[in-house]
Amino acid sequence: MQRHLISAADLTRDDAIRILDTAEEMSRVADRPIKKLPTLRGRTIVNLFFEDSTRTRISFEAAEKRLSADVINFSAKGSSVSKGESLKDTAQTLEAMGVDAVVIRHGASGAPYRLANSGWIDAAVVNAGDGTHQHPTQALLDAFTMRRRLVGRDAGLGQDLDGRRITIVGDILHSRVARSNVDLLHTLGAEVTLVAPPTLLPVGIESWPCEISYDLDATLPKSDAVMMLRVQRERMNAAFFPTEREYSRRYGLDGERMARMPEHSIVMHPGPMVRGMEITAEVADSDRCTAIEQVANGVSIRMAVLYLLLGGAVFETKNVPDTLQTRTEEK
Amino acid sequence: MSKTLIRGAKVLGGEPQDVLIDGRTIVEVGSGLSAEGAEVVEADGKVLLPGLVDLHTHLREPGREDSETVLTGTRAAASGGYTAVFAMANTFPVADTAGVVEQVYRLGQQHGYCDVQPIGAVTVGLEGRKLAELGAMHESAAGVTVFSDDGKCVDDAVIMRRALEYVKAFGGVVAQHAQEPRLTEGAQMNEGVVSAELGLGGWPAVAEESIIARDVLLAEHVGSRVHICHLSTAGSVEIVRWAKSRGIDVTAEVTPHHLLLTDELVRTYNPVYKVNPPLRTERDVYALREALADGTIDIVATDHAPHPHEDKDCEWAAAAMGMVGLETALSVVQETMVDTGLLDWAGVADRMSFKPAVIGRAAGHGRPVSAGEPANLTLVDTAYRGSVDPAGFASRSRNTPYEGRELPGRVTHTWLRGKATLVDGKLT
Amino acid sequence: MDTQAPDPRPVLEGPDIARVLTRIAHEIVERAKGADDVVLLGIPTRGVFLAQRIAAKLAEITDRKIPVGSLDITMYRDDLRLQPPRALARTEIPGDGVDGRLVVLVDDVLFSGRTIRAALDALNDIGRPRAVQLAVLVDRGHRELPIRADYVGKNLPTSLRETVKVQLAEEDGRDTVLLGAKRTAPGAQQ
């Protein structure tokens, strides 16, 4: 793995499986009386959130605290630094306080990439969502959820998602979740189909490693997992679709549509759900919907990522050994 | 006034000749000219061109002197081989009155590095609603003939029509920044494969092409000439080619960066590549080179757009758009057009001096290198290759996309009406 | 690989290993007075297999099923920052937990004692045993912490320039303990 986690596209198949396997072990900590590991004791992580995102911030914070890291929460929202120009100053200020890693959420696509590559700071950078670009830990927790449900908790260890058919539905254009998932799921061998009205698909999407469809009903019967993306009501005003009613009729998931999915298939949602728009309450509350599970899995994935980025020695990129050493005997 | 003999210069890339300057004028061009009483510059096979003319420069003064001033900008121009630059109107205050354009014009004259020909705004405050006093700017000491809201598009079709018509009265031209505003709301880069991947707002080619198509038709309808700024797409080339074939009086410019760079560079999220119009695809780059070679695109203009460091040392979305270009333009043109065999040096003189002077009506510039002409000249060491070091720029700003890139050619001397402004690569 | 180093030589073979494990099982029964409340926790990777083998022997002796699990100590190591991140192994605590019970930690080689220190920390986060004991197949000396084993398969005096390698059928296809010369790997200070 590299020093930073900026994009799901940067992960090799081996990297991704290592993270998923590590997360599987991390998830067991949640079952223990003391939900804490001493691993990142003395390391300081700052959660630098330029955008509101309570759930992602809390998930990272829980992961950091379970690994015993010292956590600083920095919310730029509403303060004088909510303007992008001061990202550099803010980051440098935090680094001067001895921060080992920066978990950053930013409204501007590429901000984490800039932070990691501009020479502003030395700390490891974890992208917690940037603009409409990437949200790699979300893709990892989604893949983790799929592997658990579709392959199995123990059976899944060391496995990818080869041949699984994943359908992602909704506002692909504005979705960092969709971009990250397409990259990661492709790396893991899954077959991805994106379903949306043409207005909500980006120009240039033909180069993505996935299929495109405008027809949800044709896609559902051949899906092992269907991921519904949030569709913001404001999009309506920009003429991306005519009305909420028409959107949900053509692209929303209701009980009737869910019944046409294969028996084993699951419904996923990165949250927050807009019930009545892309998903009905009936589907959201059904056993097949993994939305709550995804939240729990998010903590395990973020623990795994932070452990793999910070839990070992810091190596120059060129010196990082190709393979992880397995635990050797005491000798 | 003193005499200068430029010995053994390949005039417009031809056979080596001597060129004798007396005072402000070229007095003789030939072989074995006498050096008596003259300072001798051994050209030693370097290429001698007429002083370059840039129809599209942002000098930032008044208002943004932290990024450039008329002094630093004209020094940069002289360094790059330019003897005349047209200064865009998007200053603070906007150059939409006779007062502002005269001030900029006088600063240029006063510093003496390069003639500054102000461009007047088409509309008051660049707001696109009300025509600025175009006639007053023309009649001012600055003698404005080129009008542009550059940075913004004159998107209202009626205002554009009126402007095209109005400037006919004094032989003016409207230079359009072709960008349909609604189609480019939130635009951050070229819309296509790379923007889809990077999640940056797309600036579609059609937003440029639709305005160009409209404006050439408007120009035809009212019988005016129109100039298209920084044309950037293969589709725009097709429209201009079609318009010219119909006899429409349209001229077009391309920037050096659009001849060389593509949107793949945006993958670095380094705002030094953020520019408007955005870097396009490889296909567009080749179409632009071909169009410049065949004359569909008339000229190269730099769109020199200085920005202070902090406006580029940030995340992409927060960064300012634009690149400096005066000091690298000729090198990029040599790299993309001359060294590729698309254009000879006479062609470069045509695209970077003769034609821009004609379009902008820059008297005394863009003249042949022959006896009796004003001694506006630039001498280029075309054999030179070196990497670009922004620290050596005369411009106040350093926002070049070429830092560290190896480029051919180096301007060693520039003469403005016989006075050397650049000698051996050093400003006088 | 340092080609100068002589081939490692076996110091315990399959039958020896089986014999010492049987002895350890008997010692546990004796010292734990019937092993009523014993829980065996192996330290991955090979400690887990040894724990399972000892549990099987205990079951033979006591005619009862002895709870056995695994305790991964990776996240509790004191040398995490000296190496790239290590892969995690499984921690599997038997259903009834460890509270109030006699936990016997099982590992293959006891050397510096740092693994066992980490194991005690890990155990502390899982529950509160009545007592903790340690069983190892080989004790090669050179302790760096005040830790000793309660059950030792073989005491093996070694020099720091030697390595001890345990191979078990479950993982390596055969049972043996090898004593060899240390490879001169850069930075290997273990």
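1. In what order do the five strands of the open sheet in chain A follow one another? In this predicted model, the order of the open sheet is β7-β6-β5-β8-β9 of chain A, and its strands pair in the parallel sense. At the edges stand β7 (211–213) and β9 (266–268) of chain A, each of which pairs on one side only.

2. Within chain A, one pairing can be followed down to the residues. Strand β5 (residues 165–169) and strand β8 (residues 225–228) of chain A are joined in the parallel sense by four bridges, and Val169(A) has Met228(A) as its bridge partner in β8(A).

3. Chain A is divided by its domain assignment into domain 1, made of the two segments 8–135 and 294–319, and domain 2, which covers 136–290. Taken over C-alpha atoms, the centres of domain 1 and domain 2 of chain A are 25 Å apart. The contact between these domains of chain A involves 27 residues of domain 1 and 29 residues of domain 2.

4. Which elements of chain A supply at least two residues each to the side of domain 1 that touches domain 2? They are α1 (13–27), β4 (124–130) and α11 (291–310) of chain A, and α1(A) gives the most, with eight residues. Sorted by class, this side of domain 1 of chain A holds eleven nonpolar, ten polar and six charged residues.

5. Between the chains, the contact of A with B takes 20 residues from chain A and 17 residues from chain B. On the side of chain A that touches chain B, at least two residues come from each of α3 (87–96), α4 (111–117) and α6 (176–187) of chain A, with α4(A) giving the most, namely three residues. The residues on this side of chain A are divided into seven nonpolar, eight polar and five charged.

6. Chain B also has two assigned domains, domain 1 being formed by 3–47 together with 373–427, and domain 2 by 52–360. The C-alpha centres of domain 1 and domain 2 of chain B are separated by 26 Å, and their contact draws on 27 residues of domain 1 and 40 residues of domain 2 of chain B. Three strands of chain B, β16 (377–387), β17 (406–416) and β18 (419–423), each supply at least two residues of the side of domain 1 that touches domain 2; β17(B) gives the most to this side, with six residues. By class, this side of domain 1 of chain B is made up of 14 nonpolar, eleven polar and two charged residues.

7. Strand β7 (residues 82–87) of chain B pairs with β8(B) in the parallel sense over four bridges, and Val116(B) in β8(B) is the bridge partner of Val85(B).

8. For chain C, an unreviewed UniProt entry annotates residues 103–115 as a short sequence motif, "PRPP-binding". In the model, this span of chain C is 15% helix and 62% strand, and its end C-alpha atoms lie 16 Å apart.

How values were computed
Residues are numbered from 1 along each chain as its sequence is written. Chains are lettered from A and ligands numbered from 1 in the order in which they are written. This is a predicted model: local features need pLDDT of at least 70, side-chain atom pairs count only at pLDDT 80 or more; totals for chains, interfaces and linings use all residues. UniProt positions are given in the numbering used here, feature names are shortened, and annotations may be inferred rather than shown by experiment. Domain bounds come from an automatic or database domain assignment. Two residues are in contact if their C-beta atoms, placed from the backbone, lie within 7 Å. Ala, Val, Leu, Ile, Met, Phe, Trp, Tyr, Cys and Pro count as nonpolar, Asp, Glu, Lys and Arg as charged, and the others, Gly among them, as polar. Two strands pair if DSSP finds at least two bridges between them.
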